[in-house]
Amino acid sequence: MRLKSVSELKNLNTERIRRAIQEKRIFTKSMIFRETSLSMATCGNTINDMLEDNEVIQVDREELQMGRPVARFTYNRDYLHVMGVSIFTENHKYTAKIVITDALGGTLRRRRCDYQEFEYADLLQLLSEELRTDPFIKGIEIGVPGVINEDMLEKCDIQSLAGLQLCRMLEEELHVTVQVKNDMDYMAYGAYHTRSDNRGNLAALYFPRDGKGIVGCGFVIDGKVLKGFSNFAGELYVIPEAFGISRQQQANAWKCRENFLKYAAAMILTVVASMNPEEIIIMGSDVQDGELSWIKNYCAGIIPEKHMVNISIDGEYEETYSKGLIKSALNRLLFPVSEV
């Protein structure tokens, strides 16, 4: 990472201290000094600033055998809250799911709302209600099944939202920071942070149950979501169209399970040959373990073994989606230099 200014270096040091603090239930200034290898002055001044901002709370003083008692602190989980919102459509119905967490990612509240029709006004009302209930919410992440380019939701499965500058409109109405991204970006980001090592490159492929022939893919490269220069990365359904296979022909693959598995394998092969990530995660369409074996064998007949990646199924992809929303919100607000 190349830092451009002294201010950016200071912010990076603050994030190092914040991360070290969040990993401990109770801490002292000297503990953070040893953990981060930053100077005692930097650690002390930063923790004092966080104490003044109510980001950390002094809990007590530790009595020592020699010298003055040492102040002990804890991270304030309610320093801020964040809200993740996933909006999707299936079988001509619409659903908005909300999850709200504290500053450490602890879930505070979940909510699901189903709609026969879904308009911008419905989204605005839903978010407004949550903000009135929880004044600690400082950031909102919204995942949509669409393409966002320069803040414009230029293409979306939810037709009423297409063409809107959703982020700008909501920020002006709600007076809170908002980020809107393609749903696959959040699914892939959530999958990446579900892994214990948080290393390597990953692709998440989503095959919707309703079989509209629109396959989505999200990529995480070196811990960052790959967007492409216009946020169009991952729109895999375009590739078969380049070979004369229409969207409707792709959708027909869902009508026969064997054809669907061949189609899924073809999409996986496309990702392996183009991005070659270490891991590919399949989401949606209820792919079973036996079918996964069939897909792996199909791919193995085309891709040499040494180039074949690990392929797995995420049967809890909606939870993975929520995790990606929340992790993105927390990193955007608390770790904007090191993580965003």
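How many aromatic pairs does the count come to?

1. Basis. This is a predicted model, in which local features need pLDDT of at least 70, side-chain atom pairs count only at pLDDT 80 or more, and totals for chains, interfaces and linings use all residues. Residues are numbered from 1 along each chain as its sequence is written, and side-chain values use heavy atoms, with hydrogens and water left out.

2. Overall form. The protein contains eleven helices and 14 strands (DSSP runs numbered from the N terminus: H or I of at least four residues for helices, E of at least two for strands). Along the principal axes, its C-alpha atoms fill a box of roughly 75 × 50 × 35 Å.

3. Burial and surface. Of the 340 residues, 48% count as buried (under 20% relative accessible area, with a 1.4 Å probe and protein chains only). The accessible surface is about 17,300 Å², and carbon and sulfur atoms contribute 49% of this (Shrake-Rupley method, 1.4 Å probe).

4. Contacts. Among contacts with a separation of 6 or more, 62% are between residues 24 or more positions apart (contact means heavy atoms within 4.5 Å).

5. Thr101. This residue lies in strand 4 (residues 93–101). Thr101 is buried, with a relative accessible area of 1%. Beyond its neighbours within four places in sequence, Thr101 is in contact with Leu80, His81, Val82, Gly106, Thr107, Leu108, Ile326 and Leu330.

6. Aromatic pairs. The count comes to seven aromatic pairs (rings of Phe, Tyr and Trp, the last by its six-membered ring, with centres within 6.5 Å; planes under 30 degrees apart are stacked, over 60 edge-to-face and the rest tilted). The ring centres of Tyr206 and Tyr317 are 5.3 Å apart and their planes are at 55°, so this pair is tilted. Distant parts of the chain are linked here: Tyr206 belongs to strand 10 (residues 202–206) and Tyr317 to helix 11 (residues 317–334), 111 residues apart. Tyr206 and Tyr317 are both buried.

7. Aromatic cluster. Trp254 and Phe260 also form a tilted pair, with ring centres 5.3 Å apart and planes at 55°. Both of these residues, Trp254 and Phe260, are buried. Ring pairs join Phe207, Trp254, Phe260 and Tyr263 into a cluster.

8. Charge over a ring. Arg19 is placed over the face of Phe335, 4.1 Å from the ring centre (the criterion is NZ of Lys or CZ of Arg within 6 Å of the ring centre and within 35 degrees of the ring normal).

Note on methods: Buried < 20%, exposed > 50% of the residue type's maximum accessible area, 1.4 Å probe, protein only.
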